[in-house]
Each structure stands twice: as C-alpha cells, then as structure tokens.
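Here are some friendly notes to read with the model open beside you. Take the points one at a time and find each residue as you go.

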Amino acid sequence: MEREGYLLFSLVVFVGVLSLHLSRTEAAIGLPPDAKYLTRKYYKKLNTCANAEAFVKHQVQVYWNKDHSITAKLVKLLYADCMVNGCDASILLDGPHTEKTAPQNAGLGAFIIIDKIKTVLEDRCPGIVSCSDILNLAARDALHLAGAPSYPVLLGRRDGFESKAAWVDLPSPSISWESGLAYFQSKGLDVQDFATLLGAHTMGITHCNYIRDRLYNFNNTGKPDPTMDTSLLNKLREQCPQKMNKIQEQNQTVYLTPKNGPNYWFNTAYYNNVLLHQSVLGVDQQLLFNYDTNQLTLEYAGSNEQFRRRFSLSISRMGSLKVLTGNKGEIRRNCHFTNKNNPHIK
C-alpha cells in the first residue's frame with residue numbers, strides 16, 4: 001500500500017528519536033514541516049515551567065475521574081482547532097463570529113478543562129505555556145486514560161490572534177470517502193491519517209440530525225442506507241424516530257460505538273463495526289469502499305497494537321499542522337481572549 005513502508009519506518013524513528021532526546025530536526029521526522037521548531041519537554045528544557053506537563057496531566061485526571069466523556073470532547077476540540085487554521089488555539093477564542101460559533105462546531109465541549117489548566121499554569125508560570133500546547137497535552141493525557149498510548153507531544157506552539165467562523169470548513173459526517181480523504185489531503189494529511197484518526201470515533205456520541213439521512217432518506221431515495229446492518233438500523237430508528245422535530249434531533253444523542261457506550265474506551269471496536277456494516281456515521285462506513293482504507297480497517301481490527309502506534313503518529317501529525325512558533329503569535333494569558341482584547345490585562 002502506498003506509503004506503508006515509509007510510515008512504518010517513520011513511526012519507529014519518530015518515537016525512538018523523541019525517546020533519545022535528539023535534535024529538533026530529527027524529532028520532526030514524519031511530521032509537517034512547521035513542526036521542525038517544536039521539541040519535546042520544551043518548557044523543562046528552557047527551565048520556564050519545568051512541571052507544565054505534570055500540571056496538565058493532574059488536572060485532566062481530576063476531570064476524567066468525574067466524566068470519562070472528556071476524552072472524546074478534547075479530541076474533537078483538538079480536531080476542530082488544527083484542521084481549520086492550524087493548531088493555534090483559535091477555536092478557544094470568544095467573539096460573535098469566531099470559529100466556535102460556526103454551525104459545525106455546535107456542541108463542542110471541554111472548554112472548562114482548558115480554562116482550569118490555564119488558570120493553574122498562569123498561577124505557577126505566568127505568560128509561559130500556550131493554550132495551543134495545553135490543548136495538545138490535555139488531549140494526549142485524556143486519550144491515555146481511555147487506553148491509548150501516552151505518545152510524546154512536541155511543544156513550543158504559540159497562540160493565534162484571529163478566529164473566524166467563515167474559516168470553518170469541517171465536512172459533514174455523511175460525506176463519501178473520496179470527499180473525506182480529499183479534505184484531509186488539503187490539510188497536509190494522507191490516507192493513513194484519514195483512516196487512523198477516524199478511529200477516534202470508537203469513543204463519543206453523535207446527534208440524530210447527523211444520521212437522519214442514513215436512517216430514512218439516503219441520497220434522497222426515501223430509503224435507508226443499504227450498507228447499514230439491519231439490526232443497527234432498527235436500533236437507531238428507535239433512538240431517532242422519523243417524526244422528531246429539528247430541536248429533538250439536535251438534542252437526542254447516540255453512541256458512535258454502542259459496544260463501548262459510556263465507558264469511552266480507546267480500542268478497535270470501531271473498526272470491527274466498520275467490517276460488520278455497523279458504523280453509525282456514514283463517513284465511517286465509507287472506509288470499506290476504498291482499497292487503502294479497507295486494508296487499514298482490516299489491519300486495525302486485527303491488531304490493537306498497530307492501531308495504537310499508528311494513531312500516535314497521526315494525531316501528532318495533526319497536532320503539528322501550521323503551528324506558530326518563534327515570534328509568531330503570542331502566549332495568551334486567558335485562552336478566550338487575545339492579550340490585546342483581554343479585559344483583565346491593563
């Protein structure tokens with residue numbers, strides 16, 4: 001499969017290089033070009049906030065103990081940030097026309113966790129740790145608590161100054177594999193990242209309005225999606241009745257991977273569902289219909305370890321898209337506002 005040998009090699013080198021604390025350039029192997037200025041244990045090496053990662057990890061643990069759904073929420077928040085204008089924490093900015101106000105971002109959560117972590121870090125290391133780095137670290141730590149590997153996060157990102165709802169181009173969950181892959185490629189990712197990062201849907205929920213077409217009017221046929229397993233179709237129709245109004249559709253939720261349900265475990269149940277035609281979202285079921293994504297689905301369904309390793313690389317690649325480093329951007333004192341617009345900074 002295209003790029004398979006290279007990615008296997010890159011993954012080994014990526015993890016190995018980071019573990020050996022080698023140079024920045026070497027550490028960026030397999031990652032987007034902008035990642036070359038990021039480094040592991042950035043704040044500890046500069047002696048600016050040596051325990052930053054420990055502070056983040058502790059706060060994530062506290063929230064996760066109360067609510068396991070924070071894993072899915074943080075991963076979705078990271079995706080919403082990095083896939084639009086790069087990983088610059090622009091999704092966190094408040095305002096009447098910022099990214100978080102876009103329709104595609106309705107229902108985003110976990111802001112309270114980022115706020116708490118930022119408050120703790122500002123108290124201990126004021127003006128040092130970026131909101132963008134906090135989001136990447138928090139997502140990693142929450143994923144690890146859910147069963148994912150604790151992959152190394154390269155640090156040194158800075159925060160952006162702008163956030164516009166008009167930038168948000170996140171695709172519909174009902175798109176074809178062709179459109180989904182094209183979207184990922186437009187951001188600098190590839191087919192392996194596409195198939196691997198969709199595996200995050202092994203956790204979390206979706207709303208009835210996102211799957212209504214598959215249940216009742218697939219491609220305007222007046223019939224359900226023929227690729228959906230009948231037992232799943234009947235179950236979802238019970239949860240999302242045809243006569244629901246729009247408000248009910250937006251409020252009613254179903255688990256993306258019913259087998260995992262409220263446990264929010266990071267595992268390969270998602271890929272087994274794809275093979276059984278039991279995917280809830282259309283884009284997930286589409287993995288069967290492209291040769292490369294089909295082969296990756298088969299591989300991951302049969303090897304939890306392969307999925308864990310590949311996911312570590314793909315989410316690291318996504319977390320390094322169009323990052324701001326050096327003199328670009330700023331270190332926000334409050335993740336909701338740029339420093340210029342922060343009402344608490346005189």
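Which element gives the largest share of the lining of the largest pocket?

1. Helix 5 does, with 6 residues. Keep in mind as you look that this is a predicted model.

2. The largest pocket has a volume of about 1,000 Å³. Its lining counts 36 residues, and the closest to the centre are Lys76, Tyr79, His201, Ile205 and Leu256. Two or more lining residues come from each of helix 5, helix 8 (177-186), helix 9 (191-197) and strand 3 (205-207). Sorted by class, the lining holds 23 nonpolar, 11 polar and 2 charged residues.

3. Now turn to the second largest pocket, with a volume of about 270 Å³. Lining it are 17 residues, and Lys41, Glu53, Ala54, Lys57 and Arg140 lie nearest its centre. Helix 3 (42-45), helix 4 and helix 7 each give two or more residues to this lining, and the largest share, 5 residues, belongs to helix 4. By class, the lining divides into 7 nonpolar, 4 polar and 6 charged residues.

4. Which residues of helix 6 are buried? They are Phe111, Ile113, Ile114, Ile117, Lys118, Val120, Leu121 and Glu122. As a reminder, an α-helix has 3.6 residues a turn, so residues three or four places apart point the same way. The buried residues of helix 6 pack against helix 4 (52-66), helix 5 (70-85) and helix 7 (131-145).

Notes: Residues are numbered from 1 along each chain as its sequence is written. This is a predicted model: local features need pLDDT of at least 70, side-chain atom pairs count only at pLDDT 80 or more; totals for chains, interfaces and linings use all residues. Side-chain values use heavy atoms; hydrogens and water are left out. Buried means under 20% relative accessible area, exposed over 50%, partly exposed in between (1.4 Å probe, protein chains only). Helices (H or I, at least four residues) and strands (E, at least two) are DSSP runs, numbered from the N terminus. Contact means heavy atoms within 4.5 Å. On a 1 Å grid over the protein atoms alone, a cavity is a set of points where a 1.4 Å probe fits but cannot get out, and a pocket is an open set with protein on both sides within 12 Å along at least five of seven lines; lining residues have an atom within 4 Å of a point. Grid points are joined across faces, edges and corners, and a volume is the space filled by probe spheres set on the points. Ala, Val, Leu, Ile, Met, Phe, Trp, Tyr, Cys and Pro count as nonpolar, Asp, Glu, Lys and Arg as charged, and the others, Gly among them, as polar.
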